[in-house]
Amino acid sequence: MDAVRSERSDAARNRAKILAAAAGIVAERGVEGLAMAEVAAAAGVGVGTLYRRFGDRSGLAYALIDEREREFQAAFVAGPPPLGPGAEPRVRIRAFLHALLERTVEQLDLLLMAETAAPLARFGGAYQAHHAHLAMLVAQAAPGADAAPLADALLAPFAAPLLAHRLREGVTPERVRSALDALLAGIR
């Protein structure tokens with residue numbers, strides 16, 4: 001039993017070292033500088049360990065995204081209003097969309113790498129959690145509305161390739177925020 005605990009604590013320590021090394025590389029050189037061999041060397045682990053744990057660069061990108069995503073989900077599930085419970089559904093939707101925009105812009109390069117790794121990569125765990133939350137709020141705000149496709153429509157602007165394209169064209173996060181508010185106003 002102690003050997004298993006020791007292995008688990010070693011694995012957790014290695015994971016923390018790897019993620020710290022990867023985050024440092026991304027902060028210093030951007031996502032383009034995220035080379036598996038370099039991350040392994042910076043973390044003091046073998047390249048094989050890195051590939052076994054994360055699979056590839058996109059898996060490593062998702063791991064870097066994961067901590068921020070967990071914080072975000074905790075905020076909208078149990079945090080203070082207006083993002084968390086206790087505010088009117090429309091107010092919560094608006095707070096959610098604005099917070100998701102900030103979170104997406106913050107990690108856009110990592111999300112871009114992760115979401116384009118496979119054809120349906122975008123629609124994994126985080127998207128499902130965002131969608132379920134939004135669909136629930138839309139159903140509360142507009143009983144009788146078809147909440148699932150409306151939630152998809154509200155989440156569409158957060159696709160990393162689309163958002164990166166728009167930002168490179170000069171669309172500001174403030175304009176995206178205003179457009180989201182306009183979409184939300186149309187839900188009756």
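## Basis of the model

Because the model is predicted, local features need a pLDDT of at least 70 and side-chain atom pairs count only at pLDDT 80 or more, whereas totals for chains, interfaces and linings use all residues. Residues are numbered from 1 along each chain as its sequence is written, and side-chain values use heavy atoms, with hydrogens and water left out.

## Overall fold

The secondary structure of the chain comes to 10 helices and zero strands, where helices (H or I, at least four residues) and strands (E, at least two) are DSSP runs numbered from the N terminus. The C-alpha atoms fill a box of roughly 55 × 45 × 30 Å, taken along the principal axes.

Of the 188 residues of the chain, 41% count as buried, a term that means under 20% relative accessible area, with exposed meaning over 50% and partly exposed lying in between (1.4 Å probe, protein chains only). Among contacts (heavy atoms within 4.5 Å) between residues at least 6 apart in sequence, 66% join residues at least 24 apart.

## The nonpolar core

In soluble globular proteins, nonpolar side chains tend to be buried together. The largest nonpolar core of this model has 56 residues, and those with the most contacts inside it are V39, L60, I93 and F96; such a core is a set of buried Ala, Val, Leu, Ile, Met, Phe, Trp, Tyr and Cys residues joined through side-chain atoms within 4.5 Å. Leaving aside residues up to four places away in sequence, L60 touches I18, L19, A22, L34, M36, V39 and F54.

## Helix α8 and its neighbours

In α8, the buried residues are A147, A151, L154 and L155. Seen down the axis of α8, they fall within an arc of 95°, so they line one face of the helix; the arc is that of the directions from the helix axis to the C-beta atoms. These buried residues pack against α5 (89–106), α7 (125–141) and α10 (173–185).

L154 lies in α8, which spans residues 147–155, and it counts as buried because its relative accessibility is 2%. Not counting residues up to four places away in sequence, L154 touches I93, L97, L134, V138, L180, L183, L184 and I187. H131 lies in helix α7 and, at 16% relative accessibility, also counts as buried; with the same exclusion of residues up to four places away, H131 touches A148, A151, D152 and L155.

## Aromatic rings

Rings of Phe, Tyr and Trp (its six-membered ring) pair if their centres lie within 6.5 Å, and planes under 30 degrees apart count as stacked, over 60 as edge-to-face and the rest as tilted. By this rule the count comes to four aromatic pairs. The rings of F72 and F76 have their centres 5.2 Å apart and their planes at 70°, so this pair is edge-to-face. F72 and F76 are both buried, and both lie in helix α4 (residues 57–78), four residues apart, which is about one turn of the helix. Together with F96, they form one aromatic cluster.

## The largest pocket

The largest pocket is lined by 18 residues, of which E69, L111, A126, Y127 and H130 lie nearest its centre. The elements that give two or more residues to this lining are α4, α5, α6 (108–115) and α7. On a 1 Å grid over the protein atoms alone, a pocket is an open set of points where a 1.4 Å probe fits, with protein on both sides within 12 Å along at least five of seven lines, and lining residues have an atom within 4 Å of a point.
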